[in-house]
Amino acid sequence: MRAALWFLALFGMAVAVALFAGNNQGTVTVFWPPYRVDLSLNLVLLLLFGGFTLLHLALRTLAALLDLPVQAGRWRTQQKERAMHVALLDALAHLAAGRFIRSRKAAEAAIAQEQALVGSGEPLAHAVQVRALAHLLAAESAHALQDRAAREQHLAQALEQTADNPSGPAQEVREGTQLRAAAWALQDRDANAALEWLEGLPQGAGRRTLALRLRLRAARLARHTQSALETARLLAKHRAFSTAAAQSIVRGLATELLNGAHDVAQLTRTWQSLEPAERATPELAIHAASRLQQLQGDPALVRTWLLPAWDTMTAHADALPTLLQVRLVRTLEAGMDSVDAAWLARIEGAQQHNPRDPHLQYLAGMACLRRQLWGKAQQLLSQASQQLVQPELRSSAWRALAELAEQRDDAEAAAAAWRKAAAIR
């Protein structure tokens, strides 16, 4: 279609020229004393057009000739630029492939090419980023080669290149360099240095997922449990881990924090510093209550902390693993002497609601034993001793049955119960 349009346009121009020049009787007379030259107007127009064309071509040729040195310089600059970028790509490719010596040499070659460009008076618009990235790749390779002196040298040069650029792409490179430095410090098991690098990040960069992950590792390595717990909570909110992994990490850090408390007041403050959802976690509630019991804290407070775990266990028979159920029962049993009427009612109601649960049978039996309800205790403990799987609770049930038999002066039953208790391993 375009060719047809061009053809029509040329045809129209040819027709116009033919109409104009075919019957053109005009002449141009040139007086050059003592001569007179008569020329047709068509010839004059043709000569003018031809002269203009020749002059234009001559000027274009002269301009191209004068521009040759500039083009040659531009070509040399482009070749250096291409060589620099190729070296930078080679450094990255070799680093990814694990060829660290070649990567380091390629990064240093890129730096040399960039310096050559600066020396030739043709600096790059993005020279700062190129230099910083090249030094960062060289430092990464030196770190992999365990050459700490070279790593620190290239790291300092990368930071120096971006020191005068507080914003833009150069700032992104600087933040990436600081993050890599923190990661190297963690690999060197230097938690304090890693935390210093992370503290030097801007506020926005410090809340990125990568920075938070590094902060979590550094805080755990430095035994800063409280800081690690707060960082883990932020990572959980950012969904940096799966739900199960986040719960496990937070639970482990909270447990470590509780273990670090050395008196009742400190443990209480630590427990209150946890979030409500964490305090409602059965594992943490049982562990905190056991820890409070070890520190000889208030038994009523122990049972208050155990209440979320107790509600979870009694609501669903399989809601808690067997090990947690055993720990919960043992913790409640240890404070049975001071148990109040409300908790006795809870224990009795739970046992009646789940009459076949051996853990609840055992706990209710021990409660009856402490309240000197011998008959009911005998019945519940006998049932529990036949169903309990955990050796510690089963042995304890048989020992309680032996004591009950001794109180009845039933020596034979007491001896049999003691033998069964002793046979459990």
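Student: Leaving aside neighbours within four places in sequence, which residues is Arg 131 in contact with?
Tutor: Arg 131 is in contact with Glu 114, Val 118 and Gln 161. Contact means heavy atoms within 4.5 Å. This is a predicted model, where local features need pLDDT of at least 70, side-chain atom pairs count only at pLDDT 80 or more, and totals for chains, interfaces and linings use all residues. Residues are numbered from 1 along each chain as its sequence is written, and side-chain values use heavy atoms, with hydrogens and water left out.

Student: Which side chain does the side chain of Arg 131 make a polar contact with?
Tutor: That of Gln 161, at 2.6 Å. A polar contact is a pair of N or O atoms within 3.5 Å; within protein, one must be able to donate a hydrogen and the other to accept it, and residues adjacent in sequence count only if both atoms are side-chain atoms.

Student: And where does Arg 131 lie?
Tutor: In helix 4, residues 127-144. Helices (H or I, at least four residues) and strands (E, at least two) are DSSP runs, numbered from the N terminus.

Student: How many helices and strands does the chain have?
Tutor: There are 21 helices and two strands.

Student: Switching to Phe 49. Buried or exposed?
Tutor: Phe 49 counts as exposed because its relative accessibility is 57%. Buried means under 20% relative accessible area, exposed over 50%, and partly exposed in between, with a 1.4 Å probe and protein chains only. Phe 49 has its place in helix 2, residues 41-97.

Student: How far apart in space are Phe 49 and Arg 213?
Tutor: They are 76 Å apart, C-alpha to C-alpha, and 164 residues apart in sequence.

Student: What about Gln 115, why does that count as exposed?
Tutor: Because its relative accessibility is 52%. Gln 115 lies in helix 3, residues 100-119.

Student: Now the whole chain. What does the C-alpha trace span along its principal axes?
Tutor: About 165 × 55 × 35 Å. The radius of gyration of the chain is 44 Å, whereas a compact globule of 425 residues would have one near 22 Å. That radius is taken over C-alpha atoms, and the globule rule is 2.2 Å times the number of residues to the power 0.38.

Student: What percentage of the residues count as buried?
Tutor: 37% of the 425 residues.
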